[in-house]
Structures are given as structure tokens and as C-alpha cells.
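User: I would like to learn how to read a helix in a model. Please show me one and talk me through it.

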Amino acid sequence: MIAPNTTPNERVSKPLPMAGAAPDDTAASCHGDLRSSAVAGEVQVNASLKALMDDYPLGAHEQPQGMCPAFGSLRVGLRMRRTATVLSGSACCVYGLTFTSHFYGARRSVGYVPFNSESLVTGQLFEDIKVAMEELADPELYDAIVMTNLCIPTASGVPLDLLPKQINGVRIVGIDVPGFGVPTHAEAKDVLSGAVLRRARLEAEEGPVARPRELIEDRPTVTLLGELFPADPMGVGALLEPMGLAVGATVPSREWRELYAALDCSVVGALHPFYTRAVREFEAAGRPVVGSGPVGVEGTVAWLEAVGRAAGVSSETTGVAVDRARAMVSKALERAPIQGRIQISGYEGSELLVARVLVEAGAEVPYVGTALPRTEWSRDDLAWLEAHGTHVQYRASLEQDIEAFKAVNPDLVVGTTPVVQAAKEAGIPGLYFTNLISARPIFGPAGAGSLGPVLMGAMQGRERLNRMKSFFSGVGHGHTAGYGFTEVPERKLNAQERNAKARGGKAVTGCSTSAPSVSGAGANRDTEARLRTKDRVKQSARAKGSIK
Ligand code: SF4
């Protein structure tokens with residue numbers, strides 16, 4: 001059985017016949033313990049961590065199994081024009097985060113406010129952060145500075161909410177993104193998106209704000225929530241066009257003033273369903289929010305109808321758009337059919353949507369695992385998939401995803417890196433969700449036509465994968481792990497054993513893991529020398545009066 005979910009925000013749908021899918025809580029991780037202690041009431045938590053615990057519920061596992069969550073908010077900040085991003089945390093965390101951000105093409109600097117034990121406990125770190133903000137706040141260069149507390153400053157309660165709201169006209173936005181408070185890097189995108197939307201909403205409520213570039217004024221607009229493939233907003237816009245609607249902005253936004261355009265919409269489409277804080281800001285601004293997305297024929301029809309209702313479009317006008325979309329998506333699905341059993345797992349937030357497209361294209365999808373929590377914005381997708389025989393696992397752990405493919409024996413696993421690696425080792429073709437699925441359109445006719453060829457191509461590679469599996473059989477396990485070993489390696493002697501050996505003692509070699517037995521004259525001499533040293537230490541202590 002899949003490990004039972006532990007919070008009301010999760011759900012196990014139809015159980016699969018899996019064994020031993022409990023997550024490995026002993027696996028190395030740099031986060032988790034504080035949060036689980038807080039949940040158990042063993043430690044007091046500050047208001048910021050309490051809010052994170054409310055907004056981002058834990059799942060079957062209590063530790064992130066992906067990259068440092070702060071990467072999500074860091075990347076969103078780095079993609080905003082005229083926005084500086086600054087981190088405060090351990091140097092190793094900041095190194096890892098900046099390395100990853102440059103690996104993904106950040107092409108701009110990440111600021112860092114370091115600390116030591118003293119500056120942390122005396123409160124000097126807060127003063128250091130304030131000085132850094134003052135030095136950086138140049139209105140010629142920046143609209144905003146995003147200041148992020150990583151794990152240790154958050155756990156220590158460094159109060160970013162006490163920073164000035166703006167310096168020299170540059171907004172200061174402080175966020176806490178600890179690994180023990182934000183379970184996935186996807187949800188960290190929401191932490192920042194929610195924070196900047198809130199600030200933009202309050203500014204707009206106070207008075208006139210900067211005019212967004214390319215503001216659409218002749219039609220009501222739909223704001224799309226989620227980091228989308230660049231062609232997807234255009235494709236969704238084409239679907240909405242007969243209804244007299246347009247795609248206005250997407251969140252996460254690329255510029256501060258785009259936030260005003262996003263808030264100025266008629267309807268919000270929560271295409272990625274985990275933007276809890278961002279949705280809260282739209283609702284505070286009085287904007288209706290629609291879940292799911294225009295995927296496959298049934299998903300596209302249902303989504304257009306829901307958007308039409310929320311935007312007050314007449315049912316006749318919506319019907320025209322629906323008929324047009326139904327014809328286009330059906331044709332695209334017919335042209336790119338998919339046969340085979342496919343398992344999906346990922347942490348992007350679009351896993352359920354992708355599964356719907358695959359099912360409509362003809363694939364059997366017995367299992368969908370998503371690292372994200374259950375929210376109402378994926379409720380329709382969950383119901384649809386369950387009605388089509390799919391088990392949906394929210395907050396899926398790596399262990400559950402791996403047990404799933406062992407249980408359902410798919411022709412293809414689309415998943416995260418470790419899941420795909422495990423599938424390939426088992427001779428099952430695998431495709432990386434992030435690189436190969438998120439890098440394609442999934443909405444409307446473009447989505448229906450884009451996935452078939454790549455997935456069918458991967459499934460046809462199973463025979464080749466099995467040949468590779470038998471060729472490499474046994475390699476990479478036990479003593480064959482690593483490069484260059486053809487035989488059982490000899491255990492290296494430690495310093496004590498090397499000394500004993502040099503003095504004529506006999507040292508144990510080979511693979512024995514038992515304690516080394518050192519014997520012989522050399523070993524006896526070592527023991528005698530140690531005893532003499534102990535006696536001397538005792539004598540000296542007695543002389544000083546420290547022992548009687
Ligand atoms: S900031 Fe926290 S979660 Fe991120 S790498 Fe450092 S310790 Fe881990």
C-alpha cells in the first residue's frame with residue numbers, strides 16, 4: 001500500500017498493489033527536523049514559520065527530496081527585470097544556490113549577506129542586512145530588492161518584516177524560504193509571487209501606479225498562474241479569442257509593473273495549482289480564480305466554459321469558442337496518438353494536466369505522482385483522472401514513485417531524475433519531466449500534438465535498453481561501483497595500522513570490516529608507550545592538584 005497521507009490537504013485515490021513504499025526518513029537531507037518538531041509541538045515557531053506550515057502542508061514525507069526549495073524563489077527573482085536578489089544563509093547553501101542559478105543561465109549577480117555565530121545571536125545580522133539594502137537600493141538600477149532568509153536566519157527569527165518597505169524608492173521585499181518550511185522549490189515560487197503581488201496590490205489600492213508595458217485595454221483579460229512554456233500563453237490566448245478575452249499577464253511576472261496588469265484581470269487561471277499565496281492576493285483583489293487548464297478535448301471544453309462563466313461571457317459566445325477548440329484539439333490528438341502504459345511523476349505542478357492529455361491521446365496512465373499538495377485548483381483534474389482509472393498521489397515521495405513503476409510495469413516512466421534513473425536501471429524507458437515535457441506546449445491543440453511523437457519514440461527504445469541492461473549487468477553495484485576496479489579492492493590501512501606494520505607488527509588487510517587486530521612486538525611496544533604516557537599525565541595532574 002502507498003504510505004497513508006497525513007494531512008487533510010492530501011489524498012490517496014485508488015490504492016495500487018504496492019509494497020514497502022514508505023519514504024526513507026533516514027536519507028541524508030539538510031532540512032525537515034525543525035518542522036516536524038514544530039508540528040509535534042516540541043518547539044515554538046515564529047509567525048513566519050507558522051504561516052508557511054499552514055500554507056504548505058507536509059506530505060507522506062517531511063523532508064524535501066528535491067533541490068533546495070529556495071532555488072524556486074531565487075529563480076523567480078532573477079528573472080524579474082530591474083530586481084536585485086540577496087540571500088542570507090550558510091555559505092554552503094548560498095554557494096549551491098548561486099551555482100545552480102548560473103547553471104540555469106541567471107546572468108546576473110546574487111547578493112549575499114554572510115553571518116557568524118556572533119552576528120546571529122546579537123542581532124547584528126539584521127543590521128548587516130539593512131546596511132546591504134541601503135547600499136544596493138539604487139533607483140536607477142532597481143524597482144525592487146528581494147531579500148531572502150534561508151534556513152538558519154529563518155530559524156533564528158531574523159525579522160525581515162522590520163526592514164524599511166522602500167529605500168530611495170526601491171521596494172524591499174523580505175521573504176523567509178527555509179527548507180523546513182517550504183516542502184518543494186515549486187512552492188517557493190509561490191512564496192515570492194505572493195509577496196510581490198501583495199505589495200503591488202497594496203500600492204494599487206493606495207493610488208495610481210506605473211503603466212504596464214503592452215497593457216491590453218480593449219478586452220477583458222485572463223491572468224495565467226504558473227511558469228509556462230513560452231508558446232503556451234499564446235496558444236491559450238488563441239482559444240480565448242472567440243470569447244472576446246485575451247491573456248493579459250502570467251505570474252510569476254517578469255517585471256514589477258506586470259504585477260499590476262496581472263491584478264487588473266477579469267479571471268485568474270490557476271494552471272499550476274499550488275500558488276496558494278498568489279491566489280489569496282487575487283481573491284483579495286476580488287478576482288475569480290478558475291482551476292485546471294485547457295488540456296485535451298474534455299479539459300479544454302471544461303476550462304473554456306468555466307472561464308466564460310467567471311468572466312460573464314454569454315453561453316452562446318462561449319459555445320462558439322468551445323466548438324472551435326473541440327474540433328482543433330480532436331484533430332491534433334488524432335494526428336498524434338499514443339499507445340502504451342505511462343507513469344508520470346514530477347514536481348512542476350503540471351503532472352495531472354499532462355496525464356490528462358496522454359489519456360485522451362490513447363495512453364494508459366495508471367499512476368501520477370506529484371511532489372505538490374492537493375489544492376482545490378487541481379480538484380477537477382483529480383476527479384477526471386480517477387474516473388479514467390489513474391491513481392493520483394499528492395506529495396508523492398521518491399520511494400512511492402519507484403514502488404509505483406515496479407507495481408504497474410509501465411512502457412515508459414516520465415519522471416524526476418532519480419525516478420527515471422531507477423526505471424532505466426530496471427530496463428524501462430524513462431524521460432525527464434522537466435527537460436522533455438515542461439519544455440513543450442501542453443495546452444490546446446499544440447499540447448495535444450506535441451507529446452505523442454516524443455513519448456512514442458521513447459517507448460520504442462525498450463528493446464535497446466534491455467540489451468544495455470544485460471550488457472552492463474552487475475556493473476555499478478557493490479565493489480563494482482566506481483571507476484577502474486576490476487577486483488575486490490584492498491582495504492587501506494589507517495595510520496595506527498601503518499605504524500604498527502612499520503614497527504614490525506602485523507596488520508590485517510583485505511575486506512574485513514571487523515576491528516583491526518594488531519599484534520606482535522611492535523603492537524606491544526605501542527601499548528606500553530600509551531600506558532607510560534597515561535601514567536605521566538596522571539602524575540602531572542596529581543602534581544597540579546587537579547586529581548587526588
Ligand atoms: S537553505 Fe536550507 S534547505 Fe537550502 S540548502 Fe541550505 S540548509 Fe538546505
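**Reading helix α6**

Analyst: In α6, the residues Leu125, Phe126, Ile129 and Met133 are buried. A residue is buried if 20 or more other C-beta atoms lie within 10 Å of its own, exposed if 12 or fewer, and partly exposed in between, with C-beta atoms placed from the backbone. Helices (H or I, at least four residues) and strands (E, at least two) are DSSP runs, numbered from the N terminus.

User: What do the buried residues of α6 pack against?

Analyst: Their partners include β1 (83-88), α5 (117-122) and β5 (170-176). Two residues are in contact if their C-beta atoms, placed from the backbone, lie within 7 Å.

User: How far can I trust the model?

Analyst: This is a predicted model: local features need pLDDT of at least 70, side-chain atom pairs count only at pLDDT 80 or more, and totals for chains, interfaces and linings use all residues. Residues are numbered from 1 along each chain as its sequence is written. pLDDT is the predictor's confidence in each residue, from 0 to 100. For the protein chain the mean pLDDT is 86, and 82% of its residues reach 70 or more. Over residues 1-28 the pLDDT is below 50. Where pLDDT is low, the predicted coordinates should not be read in detail.
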